[in-house]
Amino acid sequence: MLLAIKVILIIILTPLAGGLLAGFDRIISARLQGRKGPPLLQPFYDVLKLLQKETIEVNASHRFYVYVSLLFIVFTAIVMLLGGDILLTIFVLTLGSIFFVFGGYASQSPYSVIGAERELLQMMAYEPMVFMTAAGLYYVTNTFFIKDIISRDIPAIVYLPAIFLGFVYILTFKLRKSPFDLSVGHHAHQELVQGISTEYSGRALAAIEVTHWYESIIAMAFVYIFFAANSVISHVVALIVCLVVYLFEIIVDNSTVRVKWQMALTSAWVVSGVLGILNLAVLFFFEF
Amino acid sequence: MNFNKKSPWILHYDGSSCNGCDIGVLACLTPLYDVERFGVINTGNPRHADILLLTGSLNAQNIPVVQQIYDQMPEPKVVAAIGICATSGGIFAECYNVVGGVDKVLPVDVYVPGCAARPQAIIDGVVKALSILDEKQNALKGR
């Protein structure tokens, strides 16, 4: 019973927090560009409007993939926020992203197909670092369960500073922010229109937006895991660090230009290779 | 409750405009006017758009393009003709290739005359378009 209530709370509160984060993001971005920006609740207005609009069906299956993607991302959020297995989290998160890519391939629009191909390249770019994060956390804590990882005496960041930096680097992919917003974007892109979401409208587009809110919170939860320990103060610090990291991502988003996919892929692999392996090697040789 | 007024997404198409009105449309998005305050986004994608802003007169070549863009937009949708060329053909009305204003092909809801239409006038036109969008939404619900 308690579990059911927790699950329902996670399903409802996660997109609310994600939507607020998106609204905060749009205000800060506008201020960085010298504008006033939309109201804080703007992302919710957008989604509520999309729910009322006509949903155009390009073919029989293309909306199905987006809803399945949302389902898997919701499942990821539940497993993660209940303190479940971090490996399961990563695998289901990847599955959700894969279904989103299928959604891009499903419509024959060249823009969404290019977007889907770029999304696959992005997944190739960021996945190694995600697995390195899980490996590092296991090496330090001897467990894959998030609730055990965050209830130790010393937070994982003490042992994994380089892996954390690498994770922040690939977070830009996950949050779909410049310089790595190659596959899909809110801002009109010259060569890509809106990438994977080009052919989606109405309720299906609203589902894509809500999926992204869940994903932002999941990404922030990864940051949280690095800083949380068994003291209350560490949880407060972890929350503050999450906000600082998000603010940093917004500033990066507004001060960089989109890179080509070659640059995105190689730089992500170099960063994950150097920082991830260095961190694991140091841990191994000094036997922390 | 309708949320159209809170989040109007715009698609801008340049018919055969001299770029004067296009610059007017884009100026609305700059820090000086900042229409994103009201939730306006320039989507550049008909599938996401609520309001179609057309600048410039229609000619034989762009009629199928304009029609396709209009058909790709999900209901409810409104069309605003920006500038005198889009409303009636303007000084180009007599040209051999020009068909006339946008209303020769699409059902236009709002006319914003002017050469070039000022950003203030365009914002005013979009606000008028929003109340029409609201009516259309209610009509869809009643169906």
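Mentor: Helices (H or I, at least four residues) and strands (E, at least two) are DSSP runs, numbered from the N terminus. This is a predicted model, in which local features need pLDDT of at least 70, side-chain atom pairs count only at pLDDT 80 or more, and totals for chains, interfaces and linings use all residues. Residues are numbered from 1 along each chain as its sequence is written, while chains are lettered from A and ligands numbered from 1 in the order in which they are written.

Trainee: How many helices and strands are there in chain B?

Mentor: Along the sequence, the elements of chain B follow the pattern β-α-β-β-β-α-β-α-β-β-α. Counted by kind, they come to four helices and seven strands.

Trainee: What percentage of the residues in chain B is buried?

Mentor: A residue is buried if 20 or more other C-beta atoms, placed from the backbone, lie within 10 Å of its own. Of the 143 residues in chain B, the buried ones make up 45%.

Trainee: What average pLDDT does chain B have?

Mentor: pLDDT is the predictor's confidence in each residue, from 0 to 100. In chain B, 99% of the residues score at least 70, and the average is 88.

Methods. A residue is buried if 20 or more other C-beta atoms lie within 10 Å of its own, exposed if 12 or fewer, and partly exposed in between; C-beta atoms are placed from the backbone.
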